[in-house]
Amino acid sequence: MTNEDIICLAATAGLTIDPAFMSGVAATMTILLEQGALLMETPLPAQAEPAAAFQP
Amino acid sequence: MTRLEQPLDLVTAAAIAAAVRGGRLSASAVLESRLARIERLDPLLNCFTEVLTDRARAAAAAVDTLVAAGRDPGPLAGVPFGVKDNYDVAGRVTTAGSVINRTLPPARHDALLLRRMTRAGAVLVGTQNMDEFAYGFTTENAHYGATRNPHDTARSAGGSSGGSAAAVAAGLVDCSLGSDTNGSIRVPASFCGIFGLKPTFGRLPRTGTFPFVHDLDHPGLLARNASDLSLIYDIVQGFDDSDAACADRSVERTHGGLSQRSDALRVAILGGWFDGMADRHGRAAIAAVAAALGATQHVVLPGAARARAAAFVLTAAAGGNLHFEALKARAGEFDPATRDRLLAGALLPANLVLQAQRIRQLFYMEAIAAFRDYDLLLAPAAPCLAPLLGQSTITVAGAEVPARPNIGLLTQPLSFIGLPIVAVPVRGSVLPIAVQIIARPWRENLALRAAARLEVAGVAGAAIVEP
């Protein structure tokens, strides 16, 4: 993920990323999206409900 | 490292309470012994963010006054304890390990679990160091310093309840209240060689604690033996309707059943992810516990890697959302290690977050299916022994990976689905390592019973450590 990608995403979210923080945010974003890819490559049945109000 | 020999420092919380209630030992004497130890050792260990000496002395004196008057101060009479700095203490700002929170008003009341402890006669000694906003596994806090591991002060105490765990291990207090969102009780329990309990999500009310991830935050306990853990757990249980996540369940006591026969328990070892991400120390600890509990079968939860990834994503997203206003206006005031992850979390797409929540429910169902055949499951509590402070990488499954995001590999999938877990320190390793004893929801009693059995068998145990 490039710095430009981060800036664009942040603008959409209403955040401004200080250039001094950019490398750390980009590195974290890369790890998060790697983990996210593992989630998104998993096809889920339509019946799989989100656990938004989680109660064991 | 040497073992202490002073009798006062060797007794359990239960023994302290019994002696104080019986008039054989004053709460003030117990407290002064702990305060002296804090004065001597905390400059090295940095467990406390604030020692509440005046409050503690007043509380201990009140306990002694009750005893002198022939009244019972309660089942934790005179037991010194600490709270992680995300628990409200009346009159004090709850920093949650941050400087951002210093602008908040002081807490008006003690957190509910703290109130339940003090009503039972326990004496609050102080607030304890943590990773900023509980987002970390090492308690290397940019604002309040690093907590050092009493077993080896060059090493991390684990986190985020690192100050709480190290204080118990070093005998500065006899138990602590902590919190566990992704492993923040179990990891420091493992690194510091003590017992930790993360109850079922919703069992203990979060009332008066500063949140991290609302639907993952579990209040819990740290102690030096299973019996104390059980005793204290029974005291702090109870529904509170001001916590939306707290389950409306009656108190289900565990202490009386600790010594029940546990050989009928069906115990299995978690394989797959939980074996693949463990190191040789974790595997050796599992082997010892499995032998003692008669566990020979392995269970694989195929969704564990996805569940861990989902917990990782949800935590970042929820944390980023919770702190969004501060990230906009005061990003420079965060601990850099926390800030970058919160900023990135605030940028994650909703699609990913929803996918993670759907995977969460599926993994929960997968785990529940495993409990049809077994009462308890076993897994190491950490993929490594305590790393050195400042250590940036650890070795997992033969690969060198960043330490901070990966120390919770073995705890995250399990707290993600709210299961009750006792972390037990297993004897025999050069540095401490714990095993997670995992039960189905609401069966904390089974995990505690197994922990007690391991202690009796000499497989698990903790002693006060002199750094």
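Helix H2 of chain A and helix H11 of chain B are oblique to each other, because their axes make an angle of about 135° and angles under 35 degrees count as roughly parallel, over 145 as roughly antiparallel, 65 to 115 as roughly perpendicular and the rest as oblique. Axes here are lines fitted to C-alpha atoms, for helices over the stretch in contact, with angles running from 0 to 180 degrees between N-to-C directions. Helices (H or I, at least four residues) and strands (E, at least two) are DSSP runs, numbered from the N terminus. The crossing of H2(A) and H11(B) is left-handed, that is, the near helix is turned anticlockwise from the far one by less than a right angle, with clockwise being right-handed. On the H2(A) side the contact (heavy atoms within 4.5 Å) uses Ile31(A), Leu32(A), Gln35(A), Gly36(A), Leu38(A) and Leu39(A). H11(B) brings residues including Phe312(B), Val313(B) and Ala316(B). By class that contact has 10 nonpolar, two polar and two charged residues, where Ala, Val, Leu, Ile, Met, Phe, Trp, Tyr, Cys and Pro count as nonpolar, Asp, Glu, Lys and Arg as charged, and the others, Gly among them, as polar.

A word on what you're looking at: this is a predicted model, where local features need pLDDT of at least 70, side-chain atom pairs count only at pLDDT 80 or more, and totals for chains, interfaces and linings use all residues. Residues are numbered from 1 along each chain as its sequence is written, chains are lettered from A and ligands numbered from 1 in the order in which they are written, and side-chain values use heavy atoms, leaving out hydrogens and water.

Now the whole interface. Chain B puts 43 residues into the contact and chain A 31 residues. Together they bury about 3,200 Å², 77% of it on carbon and sulfur atoms; buried area is the accessible area (1.4 Å probe) that two parts lose on being put together, summed over both. Leu347(B), Gln355(B) and Arg358(B) supply 21% of the area that chain B buries against chain A, more than any other three residues.

Over all chains, though, the count comes to 23 salt bridges. In one of them, Asp174(B) meets Arg224(B) at 2.6 Å, N to O. The two are 50 residues apart: Asp174(B) is in the loop between H6 and strand E9, and Arg224(B) is in the loop between strand E11 and H8 of chain B.

H11(B) also packs within its own chain, against helix H13 (residues 336-346), at about 95° with the axes 7 Å apart. That makes H11(B) roughly perpendicular to H13(B). Ala316(B), listed above in the contact with H2(A), is also one of the H11(B) residues that touch H13(B). Elsewhere in chain B, H5 and H8 cross at roughly 110°, their axes coming within 9 Å, and this crossing is right-handed.

Most residues other than glycine have a negative phi, and most peptide bonds are trans. The bond from Gly159(B) to Ser160(B) is cis, with omega near 10°, and Ser160(B) is in the loop between strand E8 and helix H6. Asn46(B) has a positive phi, near 60°, in the loop between helix H3 and strand E2.

Note on methods:
Salt bridge = Lys/Arg side-chain N within 4 Å of Asp/Glu carboxyl O.
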